[in-house]
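Work through these exercises with the structure open beside you. Try each task before reading its solution.

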Amino acid sequence: MGKVRLGVLMVWLFPLWAMAQSPLEDSTFRWNQLGNKDLIQHPPKENQKIYAANRIPEHSDELPVRTYIITNEEINLNGYTTLVDVLKTLPGFRTSQPSSALYGETFTMRGLFGNVYTKILINGSPVKPFGAPGMPLGAQLPIRQAERIEIVLGPASSLYGSDAMGGIVNIVLPEVDRPMEVTGSVVLNSGLSDEVHLSLGGKLGKDRNVFKYMFYGSSKRTDNLDIDISQFVVDDTLTYQSPFYLAEEEDISLPEIRDLSHESRIVGAQVNFRGLMAGVQALYRRDHSALGAHPGVVSYSDPSTYTAEFIYNYNLQYNANWGKHWSSNTNASYLNYAMDNNSSYVGIDHPISNDRNFMYGASNDLLVEQLVNYTNKRFNVLVGGSYFNSSGPLFHGYLGHPFDDDQIRTDSTGQDYLLNSFDQWSWIDSLAVFDEFNLTDIAGFTQVYYKAEKFNLIGGLRYDVSQRDDEGVVSPKFGALYKLTDDWRVRCFYSQSFRRPTPYFINDNYWMQGSPPGQPPQAAFFKQRRQRLSPENMTSIEFGTFRDINENLRVELHYYWHELSNSIFNRADFPPDTASMVPPGQEFFVGSTNTSSRSVLQAFQAFANYKSKIVDVDFSLQYNIGEEFLDTITDVDSYRSMPEFMGQLNLHFTIAKTNRLSLYNKYVGNFVGGIALSNGQLFVQETAGFFNLDMVFTKVVNRNFLIQGRMYNVLNNINKGIFTTWKTGYELPYVPQFNRTFSVGLTYTLR
C-alpha cells in the first residue's frame with residue numbers, strides 16, 4: 001500500500017513540477033522563494049506574537065511567562081511530522097518515541113506528563129477528549145500545515161480551566177492570503193514507513209467579501225517500529241507455562257515480537273468569511289497494544305492486537321470589533337471521541353486478566369465560550385465565560401468481546417452489565433457494571449493587562465463550578481515584566497491551577513474483597529467500580545531574566561518552583577500469586593487513587609542563543625531538585641521523570657546559502673521513571689541517563705522544491721522514554737525508544 005500511495009502522489013506532483021520549469025513571473029500565481037532568509041532557526045524577536053498566553057496577540061518579549069513560537073519555516077526545514085518531533089528539539093522537554101499503546105508518543109512539560117496535563121488546541125479549540133486517558137499522539141495533528149505552534153510553559157488554568165496545569169500547546173493554521181496555495185510532501189523512512197502531507201487553499205472575492213478556504217491531510221504508516229528490544233527478556237518459569245506466552249525457537253527467555261505497526265492520519269478543512277471561521281478535523285491513531293508493557297505480562301507476538309481511537313472535532317469562531325476599543329470572540333466546539341471497539345491486548349501473566357481483552361471508552365464534549373475585550377493605549381481588560389459538558393460511557397479495560405450496545409445485559413434490578421474476558425488464568429470477575437458519566441462545568445474569568453513604558457503587569461482570576469465538585473475551584477494568576485534597559489528585562493509569575501480527574505481514572509479501578517472476618521477463605525475476583533477522586537492542585541512561582549548582549553547573542557536565566565498536591569497515583573495491591581483463596585477480611589485494589597501527597601519541583605535553567613550568517617547555536621542547561629511525599633510513606637528524593645541534570649546543544653550550519661545542516665544534541669541524567677504504591681510498599685523505578693543525537697540536512701533545490709534527509713539517534717544509543725502505562729506494578733526497566741532510523745523527504749510548495 002505504501003508504494004501505491006507514493007505512486008499516486010508522484011503522479012499528482014509531476015505536472016506541477018513540469019509547470020515549474022516554465023517562467024510564471026507574470027502569472028496570477030507566485031512561487032514561494034526559499035532562500036537564505038528561510039534558513040534561520042528563529043525569526044526576529046520583534047516579529048514574534050503569541051495568542052495563547054493571554055488570549056490576545058502579544059510579543060513574546062513582553063510576557064511575564066516563558067513561551068516558544070515554532071514557525072512554519074522551522075517546521076518545513078526540520079521536517080517535523082508530530083508534535084513530539086517539535087518538542088524534542090526544545091530545552092527542558094523530555095519525549096518518548098514511541099511510548100505506549102494508550103498515549104502513543106509522549107512528552108513531559110516541566111515535569112508533568114504532557115499528554116494528560118497540557119491543554120492541546122487547534123486554532124484555540126481544544127482537541128483532547130475528556131473521556132480519553134490523555135491526548136494520544138502520532139501524526140494526526142496538523143503539524144506540517146501549521147502557520148506556527150505556540151507553546152506556553154507553566155500552569156494556565158486561570159484562562160483555560162482544567163487540563164492546562166502543565167501549559168498550553170496551540171497549533172495555529174494559516175489564513176490563506178493568495179488565490180491559490182498548494183503544499184505537498186512525501187517522506188520515506190527506514191523500517192517500511194512512509195508519510196504523505198498535503199494542503200490546498202485559496203480565496204475568492206474582494207474587499208470585505210473575501211471567502212478563504214483550506215483543505216489538508218496527513219498520513220503516516222509504519223509496518224514495524226524499529227525499537228531497542230535488548231531488555232525484552234523474560235526470566236520467569238510460571239510465565240513460560242502460560243498458554244499465551246510465545247518465545248523464539250532458539251531461546252525461551254526471548255519473547256516473540258512481531259510487526260509493531262503504527263498508523264495515524266488527519267483530514268481537515270477550514271473556511272473564513274468576514275470574521276467567521278469554521279473548521280472540522282477527523283483524526284485517527286493506532287499503535288500495537290503491547291507498547292510500554294513488559295513482554296511477560298502482555299504479548300508482543302500478535303500483530304492483530306492494537307489500541308486505536310477516532311476523534312472528530314467541529315469548531316466555530318466569530319470575531320467582531322465594536323468601535324475603537326471593544327471587540328468580542330465567540331467560540332463553540334464539539335468533540336466526538338471513541339476508541340476503536342476492536343482495541344485489545346493478549347495478557348500472558350497479567351495480574352488481573354489474561355487471554356484476549358478488549359477496551360472501550362468514548363465521550364461527547366461541547367464547549368461554548370464568550371470573550372469580550374476592552375483595549376486602550378495602556379489597558380486590556382478581558383472578561384469571559386464558558387460552558388462545558390461531556391458525557392459518554394465510562395472506560396472499560398477487560399471486556400470479553402468488542403464493545404457493542406447489543407452486548408449490554410440487564411439484571412432484575414435494572415443494572416446494566418458487560419461480559420469480561422474471564423478464564424481460569426484471570427482474577428477478573430465475569431461481569432462488569434456498565435455505567436455512563438455526565439459532567440457540566442460552568443466558569444467565569446477575567447484578566448487585566450497593563451503596559452507602561454518600563455513595566456507590564458497582568459492579573460487574572462477564574463472560577464469553575466461543576467456538580468462533581470464539593471465547592472468551586474478558584475484559579476488566580478499574577479505576573480510582571482520590568483524593562484531594566486532596552487535590551488535587558490526581568491519577569492516573575494505566580495499562578496494556581498487544577499486538573500479534574502477524567503472518566504478513565506475514575507472508572508478504570510478494580511477491587512477484590514475477601515470473605516468477612518471469621519468466615520473461611522473463599523474465591524474472590526476483581527470487580528470494576530467507580531473511584532471517587534478529587535481535583536489535583538498546583539501552585540507555581542517563576543522568575544527569569546533575559547538580555548541581548550549584542551545583535552547576535554542572547555542569554556537567559558530562569559527559575560521555577562511548583563508544588564503538586566492531592567495528585568493521582570497508581571496503586572496496585574495483589575493477592576499472592578500462589579493463593580487460590582482470598583484470606584478473610586483482606587481487600588485488594590488496582591487503579592488510581594488520590595493520596596495525601598505533596599510533590600515539589602525546582603528547576604534552574606540557563607539558555608544562550610548565538611546567531612550569525614553561517615552558524616546558529618542554541619545551548620541550554622537545567623538543574624532540577626525534586627521530592628515527593630506519599631501518605632505516611634518515606635518521601636522520594638526525586639521527582640517523576642525529571643533528571644537532576646538536562647542539557648541541550650542545537651547547532652545549525654548554513655552552507656552555500658541554500659543548504660542547512662542541523663545537529664540536535666540532548667543529554668538526560670539519571671531519573672526516577674515511575675512511582676507507584678504496591679501492597680503497601682512504595683515502588684520507585686530509577687533509570688540511568690542517556691545521550692541522543694539527531695541530524696537533519698535540508699537542500700533547497702529551487703523555488704518550489706525542498707529535499708530533506710533526517711537521521712534519528714545517529715549514534716544508535718539506548719534511549720529511554722517516559723514511564724506511563726499499565727497499572728500492574730510490573731514494568732519494563734525503561735521505555736524503549738527508536739534505534740537509528742533514516743528518512744528522505746521531498747516538499748513542494750506553490751504560493
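**Exercise 1.** Find which residues gather in a patch of negative charge on the surface, then place D404 in the chain.

*Solution.* This is a predicted model. The patch of negative charge is made up of D404, D405, D406 and E436. Take D404 next. Its place is the loop between β24 (396-399) and β25 (409-410). D404 has 35% relative accessibility, so it counts as partly exposed.

**Exercise 2.** Decide whether N315 is buried or exposed, and list what N315 touches.

*Solution.* Start with the element: N315 sits in strand β18 (residues 306-322). Now apply the cut-off: buried means under 20% relative accessible area. N315 has 7% relative accessibility, so it is buried. Last, the contacts. Setting aside residues up to four places away in sequence, N315 touches S125, M277, A278, G279, Q281, A332 and S333.

**Exercise 3.** Describe the surroundings of L173 and its separation from Q270.

*Solution.* L173 lies in the loop between β10 (167-172) and β11 (180-189). Its relative accessibility is 5%, so L173 counts as buried. Residues up to four places away in sequence are not counted; among the others it touches are I122, P142, Y216 and Q270. L173 and Q270 are 97 residues apart along the chain, yet their C-alpha atoms are separated by 8.7 Å.

**Exercise 4.** State how many salt bridges there are, then examine the pair D429 and K527.

*Solution.* The count is 30 salt bridges. D429 is in the loop between β26 (416-419) and β27 (431-433), and K527 is in strand β33 (residues 527-528), so the pair ties together parts 98 residues apart in sequence. Check each partner. D429 is buried, at 14% relative accessible area. K527 is partly exposed, at 46%.

**Exercise 5.** Find where R640 and E628 lie, and whether they are buried or exposed.

*Solution.* The side chains of R640 and E628 form a salt bridge, at 3.0 Å from N to O. R640 is in the loop between β40 (633-636) and β41 (645-655), while E628 is in strand β39 (residues 615-630). They are 12 residues apart. Both R640 and E628 are buried.

**Exercise 6.** Name the residues linked with D61 in a network of salt bridges.

*Solution.* The network links D61 with D548 and R554. D61 is also one of the residues in contact with R489. R489 itself belongs to strand β31 (residues 488-499).

Key. Residues are numbered from 1 along each chain as its sequence is written. This is a predicted model: local features need pLDDT of at least 70, side-chain atom pairs count only at pLDDT 80 or more; totals for chains, interfaces and linings use all residues. Side-chain values use heavy atoms; hydrogens and water are left out. Patches are made of residues with over 30% relative accessible area and no salt bridge: like charges are joined within 9 Å, nonpolar side chains (Val, Leu, Ile, Met, Phe, Trp, Tyr) within 5 Å. Accessible areas come from the Shrake-Rupley method with a 1.4 Å probe; for residues, only the protein chains shown count as cover. A salt bridge is a side-chain nitrogen of Lys or Arg within 4 Å of a carboxyl oxygen of Asp or Glu. Lys and Arg count as positive and Asp and Glu as negative; His and the chain ends are not counted. The place of a charge is taken as NZ of Lys, CZ of Arg, CG of Asp or CD of Glu. Helices (H or I, at least four residues) and strands (E, at least two) are DSSP runs, numbered from the N terminus. Buried means under 20% relative accessible area, exposed over 50%, partly exposed in between (1.4 Å probe, protein chains only). Contact means heavy atoms within 4.5 Å.
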